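Please open the model in a viewer and keep the selection panel at hand. The stops below proceed from one selection to the next.

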Amino acid sequence: MQKTTTKPDAATTPRRGRPPDPAKHQAIIDATRALFFAGSTKALSIEGIARAAGVSKVTVYAHFGDLPGLVRATVLAQRAEMTAILDQLPTDAPGLRRTLIEFGGVLMEFLSSEDFVTMHRMVASQASQQPWLGPLIYREGPTATRDKLADILAEAVRRGDLRAHDCTLAAEQLLGMWQGLQTTGLFSGGCPRADAATLARRIEQGVEVLLRAYAPEPAD
């Protein structure tokens with residue numbers, strides 16, 4: 001397993017020459033994501049990623065600085081795709097339920113996919129060799145997603161659509177209700193992927209529990 005290779009001065013030394021090519025930048029991220037979803041440890045090798053993207057290692061370093069920088073950019077790209085719906089849907093009182101349900105559908109489609117399960121198993125297997133990897137993915141993936149949901153709930157509180165509560169804890173609880181035991185079961189191979197109807201029911205019921213728990217106090 002190739003150790004994480006970093007360029008000590010990548011973050012501090014101004015880059016010279018031509019500006020980075022956007023097409024190569026995207027090709028590198030796409031290649032990294034494909035390797036992660038295939039469960040390939042080449043996703044943790046600059047050389048392996050460069051070969052998959054059809055670029056040189058120098059190009060990868062020029063765009064991302066080092067391997068953690070590249071992995072972070074890849075996680076951010078995946079997260080942006082999933083959370084974009086939270087910025088596109090209404091978050092007023094009538095739209096809040098719809099927004100949470102539709103986001104839950106997008107999120108659970110990903111979290112129950114074979115791609116995600118394969119990636120998660122690979123990341124877990126590399127935890128001791130790459131100790132930076134787990135904390136980075138946890139911070140930029142699950143934690144940031146929870147915080148995005150918490151912001152939606154906090155805005156609902158400010159509008160008066162929900163009563164005051166610990167929005168971060170509520171967001172984490174909602175994510176837990178959506179996932180249930182499925183995540184553990186899929187990672188261990190102990191259960192099959194839930195069908196669309198089961199996922200939809202779990203998502204809708206989780207949202208109903210949250211909205212009822214933090215509904216505004218009735219007016220006197």
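How much space lies in the largest pocket? About 850 Å³ lies there. The model is a predicted one, in which local features need pLDDT of at least 70 and side-chain atom pairs count only at pLDDT 80 or more, while totals for chains, interfaces and linings use all residues. Residues are numbered from 1 along each chain as its sequence is written, and side-chain values use heavy atoms, with hydrogens and water left out.

**The largest pocket**

A pocket here is an open set of points on a 1 Å grid over the protein atoms alone, where a 1.4 Å probe fits, with protein on both sides within 12 Å along at least five of seven lines; lining residues have an atom within 4 Å of a point. The volume is the space filled by probe spheres set on the points, which are joined across faces, edges and corners.

Select L111, F116, I137, G141 and P142, which lie nearest the centre of the pocket among its 32 lining residues. Next, colour the elements that give two or more residues to this lining: helix 1 (22-37), helix 4, helix 5 (93-111), helix 6 (114-125), helix 7, helix 8 (167-179) and helix 9 (182-188). Helices are DSSP runs (H or I, at least four residues) numbered from the N terminus. Helix 7 supplies the largest share of the lining, 8 residues. By class, the lining has 18 nonpolar, 10 polar and 4 charged residues; Ala, Val, Leu, Ile, Met, Phe, Trp, Tyr, Cys and Pro count as nonpolar, Asp, Glu, Lys and Arg as charged, and the others, Gly among them, as polar.

**Helix 7 and helix 4**

Select residues 67-88 (helix 4) and 133-159 (helix 7), which pack at an angle of about 20 degrees with their axes 10 Å apart. Axes are lines fitted to C-alpha atoms over the stretch in contact, and angles run from 0 to 180 degrees between N-to-C directions. Helix 4 is therefore roughly parallel to helix 7, a term for angles under 35 degrees. On the helix 7 side, the contact (heavy atoms within 4.5 Å) includes I137 and G141. The contact comprises 10 nonpolar, 3 polar and 5 charged residues.

**Helix 7 and helix 8**

Residues to display include L149, A150 and L153 of helix 7 and A171, L175 and W178 of helix 8. Here the classes are 10 nonpolar, 1 polar and 3 charged.

Select F187 in helix 9. Beyond its neighbours within four places in sequence, F187 is in contact with F116, V117, H120 and R121. The C-alpha atoms of F187 and R121 are 6.9 Å apart, although 66 residues separate them in sequence.

Finally, select T118, found in helix 6. Leaving aside neighbours within four places in sequence, T118 is in contact with F37, A38 and G39.

Technical notes:
Angles under 35 degrees count as roughly parallel, over 145 as roughly antiparallel, 65 to 115 as roughly perpendicular and the rest as oblique.
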